[in-house]
Amino acid sequence: MRFAVLGLFHEANTFSPVKADRDMFAAGGILRGEQIVDQYADSGATIGGYLEGGARAGVEIVPLVFGFVNPAGAITSDVFESVVGEMLEALRDNGPWDGVLLNVHGAAVAEGFLDADGEIASRVRAVVGAELPVGAVLDLHANVSRRLVDALTITLVYQTNPHVDAAEKGIRCVDLLARTASGEIRPVQELVRLPLVVNIARQDTAERPMSSLVAKAERVAARPGMLSASVVEGFPYADVPDMGMSCLAIHDGDRSTARAAVEELALEVWNEREELQAHGLDVDAALDAAEHEAGAPVVLLDVGDNIGGGAPGDSTAILEAVCKRGLRSLAQTLWDPESVRQCESAGVGNEVSLCVGAKLEHSAGSPVAVRGTIRVLADGHFEESGAVHGGFRYFDMGPTAVVDTTDGHTLVLTSKPIMNSSLRQFLSVGVDPRDYHIVVAKGVNSPRAAYTPIAAKMVVVDTDGVTAMNLGRFTYQHRRRPMFPFESTTFDIGESR
Ligand SMILES: [Zn+2]
């Protein structure tokens, strides 16, 4: 058997002013053929699982085209049409196929397509015809549309956050697709979309209520004839009609059993709706907590500037307040290519005066004036060998400058916004976050695997920004109404069919 692998993987924050455009894709990557193997073989990412699954099932896996960028705003239409066009052309030219494996996120938005993943899957379906098995593994943050599921034969979803099971789900997807292609199984899928949003601070699958919901999905999936059951968190920072939580169930041949399973799971999710909400401390209350903590470091999770959720990583909301209070000993990264260039002209060991961060129109906070000494200039590449969010291994911050400020802080200024998901990000440029009283980590879930082991205290901070935890800060145009917790609402499972 031969399975094609293709995809365009993007989590779109429609509130972000930064579009996923040609420049961003040029830097992030459009990989073809063997380049995909080089990048992803033996990795913890979905494609790593597809390759491994093919080896185990005796299926030839043929990677064609894969586009990827870090979370940002919508994909521009020129990039969308050119990448998807190239994908489809490669699919037509290199067949015949026994199956297709898609690597899409599930929360992509492109200019003109609020459901970009549904659009991609439908176009793939149109090329390969109604009968060919097509499988996909979606991110747990997918805003799953009926159109997407209808175009797919098998839809699996990560069930961990931080996402550490992408490869495992990829292997499973190949297995199910191969058994479908051989006629051994006949998957039927059922979807329920809930009028419900889970707060970003309640998405950790190691903690209740998500831990019990994922466990419930596992029990449902283990029943006779069931092939899969998934609970999906959704991505509230995409203002689209399909935004929200959902559940999926796949049964071998019996639609009514799949339906009963998915409805049972969805009702369990709905019953946890209050528990799925959260409130954090505002910046002042978080700094009070940090000041009263004797141990170090206190890790402040800057939720509004969550790089993994599509924020630019340039917010100074916490830094500004720390400077205003006269606190010392803070370490953080800050996306600020302009300040990096100023440091490069000044040179290592020299003093600089900078105005750092918050340079975009929609940035949270304001640029902060600092004086300091340039400790390090680096190319910004680092490697994380441990299991971190999404299974990523190689990181590139672009040209990077480390500045020790006169008021006792250390700023790691980067040319690209890179998630704070690995301690190597600091250690690779000679900064040990354990030496500071306050460490700002931009994110809420992605920093935990790296920072929990070193933190005296972790504080979730309800900061402003395009990934704010208080969703009341956003104006939605396209989401469904009513939805909990925006509106009080009931949930009629019969109407979800
Ligand atoms: Zn995700």
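**Questions about a predicted model**

Colleague: Where is Ile-61 found?
Modeller: Before I answer, this is a predicted model: local features need pLDDT of at least 70, side-chain atom pairs count only at pLDDT 80 or more, and totals for chains, interfaces and linings use all residues. Residues are numbered from 1 along each chain as its sequence is written, and side-chain values use heavy atoms, with hydrogens and water left out. Strands here are DSSP runs of E with at least two residues, helices are runs of H or I with at least four, and both are numbered from the N terminus. On that basis, Ile-61 belongs to strand 3 (residues 60-68).

Colleague: Is Ile-61 buried or exposed?
Modeller: Buried means under 20% relative accessible area, exposed means over 50%, and partly exposed is in between (1.4 Å probe, protein chains only). Ile-61 touches Phe-3, Val-5, Tyr-50, Leu-51, Gly-54 and Leu-101, not counting residues up to four places away in sequence; a contact needs heavy atoms within 4.5 Å. The relative accessibility of Ile-61 is 15%, so this residue counts as buried.

Colleague: How many helices and strands does the chain have, and why call it as compact as a globular protein of its length?
Modeller: The chain has 14 helices and 19 strands. The globule rule is 2.2 Å times the number of residues to the power 0.38, and the radius of gyration is taken over C-alpha atoms. For 497 residues the rule gives 23 Å, so the chain is as compact as a globular protein of that length because its own radius of gyration is close to that, at 23 Å.

Colleague: How much of the chain is buried, as a share of its residues?
Modeller: Of the contacts with a separation of 6 or more, 75% are between residues 24 or more positions apart. As for burial, the share among the 497 residues is 61%.

Colleague: How many disulfides does the search find?
Modeller: A disulfide here is a pair of cysteine sulfur atoms within 2.5 Å. In the whole structure, the number found is 0.

Colleague: For Cys-323 and Cys-343, which cysteine sulfur is the nearest?
Modeller: Cys-323 is in no disulfide, and its nearest cysteine sulfur, 11 Å away, is in Cys-355. Cys-343 is in no disulfide either, with the nearest cysteine sulfur 13 Å away, in Cys-355.

Colleague: What is the phi of Ala-358?
Modeller: Ala-358 sits in the loop between strand 12 (351-356) and strand 13 (368-378). At 7% relative accessibility, Ala-358 counts as buried. Although it is not a glycine, its phi is positive, at about 50°.

Colleague: And what is the phi of Asp-42?
Modeller: Asp-42 lies in the loop between helix 2 (34-40) and helix 3 (46-57). Asp-42 is exposed, with a relative accessible area of 76%. It is another residue other than glycine with a positive phi, near 65°.

Colleague: What is omega for the cis peptide bond from Ala-296 to Pro-297?
Modeller: Pro-297 has its place in the loop between helix 10 (283-292) and strand 10. For the cis bond from Ala-296 into Pro-297, omega is near -5°.
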